Amino acid sequence: MSTWSDAEARVLTALDEERLVRTLVELVRVPSVTGSDAESELQAMLAGRLTELGLEVDSWRLALDELYAADDFPGVEAERGEGHGVVGNAAGTAGEEVPALVLQGHVDVVPVGDPAKWGQADPFQATISGDILHGRGACDMKAGLAANLAVAQALRDSGLRFERGFALHCVVSEDDGGLGAYATLRRGHTGEFAVIPEPTSGRLVTACAGALTFTLEVPGRAAHGSARLSGVSAIENFLTLHPALAELEARRNADPDPLFAGNPLPYAISVGTVRGGDWASSVPDLLTAEGRMGVRLDEDPATARAELEQVVAEVCARHPFLRDQPIRVSWSGGQFGSGRIEADHAFIGETQQAIAAVSGRAAALGAAPYGSDLRLYTGVGGIPTLHYGPGDVAMAHAPREQVSIAETIQVARTLAVLAVRRLGGHAAR
């Protein structure tokens, strides 16, 4: 058992675990699917909550046209009419302008998929069974968002004064590219260090792979199905390409970074949608396939794009039909580069110490195979950033998504201890 300083003990005592759970339930019950009006509804609710906590709140409507036109815009996949940013800042007594710690969380969730896969449960009801809370977004990442809010509440309720400031960033559109994080950083919000409590299963994630969304337009030649030999099937042309994509995936995963130890496929290439043909008795003359391509740590996304385009070009060059009418590759939707914090960065050690103090065990370091806002905070924002949060990423986007309440509380306690140590809390005079 750790021996807490007076400031740490006061903040941990002030951390209201029951309220944290109530907050998580409230967050899950807002169906804030990426791009929906409910995203903005939840952002408005959070702006009100941060105001109640006494933070200086910046709540603004995103200038979408301006953001979309920027050269380094990270891309979007969901249609949206608007978006809002919310940041709460608490100044420290020392008068420094840059917050010593940023806690960031995204409010958006993915669609529920087939409702039947959820059984009798409403995906947005936030059903609790023992230690487990079920609901869309519970794991990714409203549990982490609830933990952030609980930390801010505990810092205020402790009655302590803090030498250095902190900030809470609440962002939209993480699941489809990072629009909200990008807009927040471009607005000038910054920090010395940041933690994003995405689900990490107890690990401390110091790096994230990237992910690029691609579209393949595979041509064919239409004909009546009874005379299919006079046509060329776009579906069969796609099947010619698919094994080459698998070979490319294998090559790109042959020697992954040691941070991915135990992960057999950190840089996956996955075709997610396939649409072909328009009539059952016609040979299809077009197939459209969309997928995602993993970006290796420290790899320029342009290099990854070029590798896939080269493979497609080579397949087409060997094919009698595609040689003259090649497959078209385009890049749309989310364009996640990779990101990481330096392996020997002092903030990693600080965070590990806070985790060990609360959990009683060391946290393994690792990397995540998915794109996240981490790469924007480390890249666009220049803010050393880590992931440490409740939940198992295998449950994210899954039917019957779930998170452990006990784990969520433990993460909140860890972030509270980290905050006190970073901010320099002391009794008010």
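Colleague: Which residues in H2 meet which residues in H11?

Modeller: Glu17, Leu20 and Val21 in H2 meet Ile405, Thr408, Ile409, Ala412 and Arg413 in H11, contact being heavy atoms within 4.5 Å. This is a predicted model, in which local features need pLDDT of at least 70, side-chain atom pairs count only at pLDDT 80 or more, and totals for chains, interfaces and linings use all residues. Residues are numbered from 1 along each chain as its sequence is written, and side-chain values use heavy atoms, with hydrogens and water left out.

Colleague: How do the axes of H2 and H11 cross?

Modeller: They come within 11 Å and cross at roughly 115°. Axes are lines fitted to C-alpha atoms, for helices over the stretch in contact, and angles run from 0 to 180 degrees between N-to-C directions. Helices (H or I, at least four residues) and strands (E, at least two) are DSSP runs, numbered from the N terminus.

Colleague: Why are E4 and E17 called edges of their sheet?

Modeller: The open sheet has 3 strands in the order E4-E5-E17, with antiparallel pairing. Strand E4 (127-129) and strand E17 (402-404) each have a single partner strand, so one side of each has no neighbour in the sheet. Its neighbouring strands are turned by 25° against each other on average, ignoring direction.

Colleague: How do you know that E4 and E5 pair?

Modeller: Two strands pair if DSSP finds at least two bridges between them. E4 and strand E5 (residues 132-134) have 3, in the antiparallel sense, so they qualify. Serine 129 stands opposite isoleucine 132 in E5. Helix H2 (residues 17-28) packs on this sheet, touching E4, E5 and E17, at about 20° to E5. Helix H11 (residues 405-423) also touches E4, E5 and E17, and its direction makes about 60° with that of E17.

Colleague: Why is alanine 419 called buried?

Modeller: Buried means under 20% relative accessible area, exposed over 50%, and partly exposed in between (1.4 Å probe, protein chains only). Alanine 419 has 2%, so it counts as buried. Alanine 419 lies in helix H11 and, leaving aside neighbours within four places in sequence, is in contact with Leu101, Val151 and Leu155. The C-alpha atoms of alanine 419 and leucine 101 are separated by 6.9 Å, although the two are 318 residues apart along the chain.

Colleague: What makes a group of residues a nonpolar core?

Modeller: The members must be buried Ala, Val, Leu, Ile, Met, Phe, Trp, Tyr and Cys residues joined through side-chain atoms within 4.5 Å. The largest such core here has 89 residues, and Leu133, Leu155 and Tyr377 have the most contacts inside it. Helix H5 (residues 138-157) gives the most to this core, with 12 residues. A second, separate core of 25 residues includes Phe214, Val218, Val232 and Val312.

Colleague: What is the strand order in the 4-stranded open sheet?

Modeller: The order is E11-E12-E10-E13, with antiparallel pairing. Strand E11 (269-276) and strand E13 (328-336) are the edge strands, each pairing on one side only. The twist averages 20° from one strand to the next.

Colleague: How many bridges join E10 to E12?

Modeller: Strand E10 (residues 210-219) and strand E12 (residues 286-295) run antiparallel and are joined by 10 bridges. The bridge partner of phenylalanine 214 is glycine 291 in E12. Helix H7 (residues 234-252) lies across E10, E11 and E12, at about 5° to E12. Helix H8 (residues 301-318) packs on the sheet too, touching E10, E12 and E13 and making about 155° with E13.
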